[in-house]
Amino acid sequence: METIEILVVAGARPNFMKVAPLMKAMEEHNLRDGNGGKRIAARLVHTGQHYDEAMSEVFFRELGIRPPDINLGVGSGSHAAQTGRIMTGFEKVCEQEKPDWVVVVGDVNSTMACTLVCSKMGIRVAHVEAGLRSFDRSMPEEINRIVTDSLADLLLTPSPDADENLKREGIHDSKIELVGNVMIDTLVANLEKVRANGLLPRLGLKRKGFVYATLHRPSNVDHQASLMTIMNELKRLARQMPVVLPIHPRTRKTCGQFGIALDDQPSLKILEPIGYLDSLCLTDNSRLVLTDSGGLQEESTYFRTPCLTLRQNTERPITVTLGSNKLTRLERLSADIDEVLHRESRFGQIPPLWDGRAASRIVSALVSRS
Ligand code: UD1
């Protein structure tokens with residue numbers, strides 16, 4: 001039997017829920033009769049871009065991802081320093097492992113760094129969540145997406161807008177495959193656990209009676225004026241209904257630097273970063289999600305929970321056109337919140353192929369090209 005050697009790369013928090021179903025689908029492929037005489041030998045590489053227990057290990061535990069086979073332990077640093085360390089470490093791994101394919105996911109520095117290494121070594125790269133574009137090159141993730149997609153050999157897209165973006169950039173049809181949203185595979189697989197999760201009573205929250213907020217984009221949290229405006233708005237909102245804000249390490253750091261108090265409004269509940277199941281439970285049950293995260297725009301669309309995204313653009317436009325998401329900005333935030341709180345508490349549609357089976361379509365795409 002032929003063996004396809006695959007390295008799967010994960011580096012930062014939003015990657016872990018994307019690699020979980022991939023690792024599982026690869027195992028299932030090997031157990032299936034009629035796997036085309038091709039076995040997959042998959043190894044998981046963690047770059048170590050995120051390393052705190054609450055930013056990394058908790059996801060491996062909750063999602064049953066096996067411990068990484070290789071951890072590069074790169075840690076934090078400037079973009080250049082972090083990218084450089086990932087590249088140096090990953091080049092050695094590729095020299096040793098000589099994979100047939102490297103699978104990268106999402107748009108973080110680890111995604112781009114590993115793709116760059118492979119493209120110079122002649123190793124084929126498959127990019128999961130390809131083709132998303134915010135058309136805003138001031139976002140580090142947009143640079144990572146453009147570089148990754150221009151170099152990758154197989155572009156696995158979550159929605160038709162992504163296919164259109166890639167074709168417009170001159171990428172040949174034969175490299176593009178619409179497979180759906182792999183993050184929703186993980187969501188669907190964990191729905192029962194999410195519904196059995198006792199977080200709401202533990203936090204003293206009522207279904208559809210609180211706001212779930214997350215904030216970590218440099219454009220929001222690295223500037224004093226914008227971070228102060230957002231935090232003041234959250235405190236104002238908290239006088240109306242409880243607001244839960246699990247705080248990203250970057251945001252905690254800048255609140256400290258800018259002298260923004262985190263404990264002067266008791267119904268603004270600041271938590272340490274939370275795990276995956278707790279986050280889904282809050283997304284499902286909140287009256288409103290207020291976020292600058294990419295993943296939460298998609299997860300709230302799946303639950304049809306109203307979402308306001310604190311960004312000027314989104315690389316996930318389907319969450320606005322079909323889903324429950326709306327873009328907002330500082331000057332409009334207060335009016336947009338009031339408007340959402342007067343609407344129904346669930347609306348929008350779940351996009352096609354956000355059905356829990358994206359990972360098995362990805363494995364078929366890889367096997368048929370090997
Ligand atoms: C990264 C991704 C971003 C993603 C986000 C989710 C890039 C360019 N950005 O941003 O797309 O949405 O992850 O969290 O790849 N830190 C810790 N512990 C950790 C990790 C980070 O304390 O485990 C702190 C460090 O001070 C670090 C800072 O957070 O300097 C930022 O981490 P970094 O990985 O550079 O970027 P994120 O802002 O997390």
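Author: A polar side-chain atom of His248 lies 3.0 Å from an oxygen atom of the ligand, a polar contact in the sense of a pair of N or O atoms within 3.5 Å (within protein, one must be able to donate a hydrogen and the other to accept it, and residues adjacent in sequence count only if both atoms are side-chain atoms). The model is a predicted one, in which local features need pLDDT of at least 70 and side-chain atom pairs count only at pLDDT 80 or more, while totals for chains, interfaces and linings use all residues. Residues are numbered from 1 along each chain as its sequence is written, and side-chain values use heavy atoms, with hydrogens and water left out.

In total, 21 residues surround the ligand, and Gln49, His50, Asn109, Glu141 and Arg250 are the closest; a residue is counted here if one of its heavy atoms lies within 4 Å of the molecule.

The domain assignment gives domain 1 as 3-181 + 354-368 and domain 2 as 192-341, with bounds that come from an automatic or database assignment. Their C-alpha centres lie 27 Å apart, and the contact between them (heavy atoms within 4.5 Å) takes 22 residues from domain 1 and 20 residues from domain 2. Between the two, about 1,800 Å² is buried, with carbon and sulfur atoms giving 59% of that area; the quantity is the accessible area (1.4 Å probe) that two parts lose on being put together, summed over both.

Polar links also span this interface, where 7 residue pairs are in polar contact, both at pLDDT 80 or more, and where the rule finds 3 salt bridges, each a side-chain nitrogen of Lys or Arg within 4 Å of a carboxyl oxygen of Asp or Glu. Side chains of opposite charge can pair when their charged atoms come close. Glu315 forms a salt bridge with Arg145, their closest N and O atoms being 3.3 Å apart. On the side of domain 1 that touches domain 2, the elements giving two or more residues are α1 (13-31), α2 (53-63) and α5 (140-151), and α2 contributes the largest share, 6 residues. Helices (H or I, at least four residues) and strands (E, at least two) are DSSP runs numbered from the N terminus.

Elsewhere, Glu272 sits in the loop between β10 (268-271) and α13 (276-285). Not counting residues up to four places away in sequence, Glu272 touches Pro246, Ile247 and Arg252, and the side chains of Glu272 and Arg252 are joined by a polar contact of 2.7 Å.
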